[in-house]
Amino acid sequence: MALLQIIVLAVVQGITEFLPISSQAHLILVDDFASWPDAGLQVRVAVHVGSLGAVVLYFRRDLWAIIKGMFLMMAGRVSDGSRMAVNLFVASVPVIGAGAAVVLLDVADALQTPEVIAWTMLGFGILLWFADRVGMTVRRIEHMTGGAALMIGLAQILALIPGASRAGITMTAARMLGYERTEASRFSMLLALPVILAAGGWDAVSIYRAGNLQLGMDAVLAAALAFAVAFGSIAFLMKWLERATFTPFVIYRVVLGGGLIYWIYFGPGAIA
C-alpha cells in the first residue's frame, strides 16, 4: 500500500473517530474521491487499535474506576465505577446486536453511498445543533440511570448508517437528556471502547480465518498514527467543550452535507 494512503487513512480515522462528524463517512469519501484500493482488514484493525489506545490512555482514570467497580460489584458493593460499567454494557448491547444483524444480512454496502452520507451528514448535524441548543447542562454520567443509558444505546444504532456518526448521535442523545457537553462527550468516548472492540474483533476473526496473521509495517504505522492523532483529537474536543458548544462541528457537517448534495444532484456527476 502507498505510504500516502496509509498516512491519510490513519490521520482521517484519528481526527474523525471521536468528533461528531462520522469517521466512517470520511473514510468512504476519501476512498471514493482518491480512487484508492481497499486498505485491507489489517490496516482497518490497526487504525481501530490505535484509536482504542488513545481512549484508554486519555480516560485511564475512568477505566480504572470501572474495573475496580466491576470487582466491587461482584463482592456485592456498588460504586460510581460499577454503575458506569453497567451503563456502558446496557448502552452497548443494542448497537452490537444491530451491527451483527447488518453483517449477517449483508446490507452494509447498500448504505455506503455518497447520497446516504450527504443526507445523514446534513440531517444529523442539524439534530445535534437542536439538541445542543435545547438540552440542559445539569447532569453528570456518574448519576446516569439505566434507562438513560439504554436510550443513548438505542440512538447509537443509527450510527450504523454512514454519516450519522457514532460519536455525534450518542452526544446528541446525551445532550437531549440534559447531560453537560463534556459529560456527553466523555460517555460517548467511553462507549466507543466496547463498540470498537466488537467491530475490531470481528475483523480480527476474519483475518484469522484467512490465515493472514503476519503484522506488516503498514499496520504498525497506521496504528501509531491513528493513536497519536486520536489522542490529540480527544484532548482538543474535551478542552473545547469546557467553554464552547458543538456549533463548529454542526457548521462543518452542514457545509459538507450541502456540498455533497449539490455535487450529487447538480454537479458534473449529477444523478440523471
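A salt bridge here is a side-chain nitrogen of Lys or Arg within 4 Å of a carboxyl oxygen of Asp or Glu. The structure holds 9 salt bridges by that criterion. The model is predicted.

**View 1. Asp62 and Arg186 join two helices.** The two side chains meet in a salt bridge, N to O at 2.9 Å. Asp62 lies in helix α4 (residues 60-74) and Arg186 in helix α10 (residues 181-210), so the contact ties together parts that are 124 residues apart in sequence. Both Asp62 and Arg186 are buried.

**View 2. Arg186 also pairs with Glu183.** The closest N and O atoms of this salt bridge are 2.9 Å apart. Arg186 and Glu183 sit 3 residues apart in helix α10, so about one helical turn separates them. Arg186 is buried, and so is Glu183. A network of salt bridges links Asp62, Arg140, Glu142, Glu183 and Arg186.

**View 3. Arg175 and Asp132 form a salt bridge.** Their side chains meet at 2.9 Å, N to O.

**View 4. Tyr58 and Phe59 pair edge-to-face.** The structure holds 7 aromatic pairs. In this one, the ring centres of Tyr58 and Phe59 are 4.9 Å apart and the planes stand at 70°. Planes over 60 degrees apart count as edge-to-face, so the pair of Tyr58 and Phe59 takes that label. Tyr58 is partly exposed, at 28% relative accessibility. Phe59 is buried, at 4%. Ring pairs link Tyr58, Phe59, Phe227 and Phe231 into a cluster.

**View 5. Tyr262 and Phe266 form a tilted pair.** Their ring centres are 5.8 Å apart, with the planes at 35°. Both residues belong to helix α12 (residues 247-266). They are 4 residues apart there, so about one helical turn separates them. Tyr262 is exposed, with a relative accessible area of 54%. Phe266 is exposed too, at 60%.

**View 6. A nonpolar patch lies on the surface.** Ile126, Leu127, Trp129, Phe130, Val134, Met176 and Val254 form the patch. Together they have about 590 Å² of accessible area. Helix α7 (residues 114-134) supplies the largest share of the patch, 5 residues. Leu127 lies in helix α7. At 34% relative accessibility, Leu127 counts as partly exposed.

Definitions and conventions. Residues numbered from 1 in each chain as written. Predicted model: local features only at pLDDT ≥ 70, side-chain atom pairs only at ≥ 80, totals over all residues. Heavy atoms only, no water. Phe/Tyr/Trp six-rings, centres within 6.5 Å; stacked < 30°, edge-to-face > 60°. Buried < 20%, exposed > 50% of the residue type's maximum accessible area, 1.4 Å probe, protein only. Patch = residues over 30% accessible without salt bridge, like charges linked within 9 Å, V, L, I, M, F, W, Y side chains within 5 Å. Areas by Shrake-Rupley, 256 points an atom, 1.4 Å probe, with all protein chains shown as cover.
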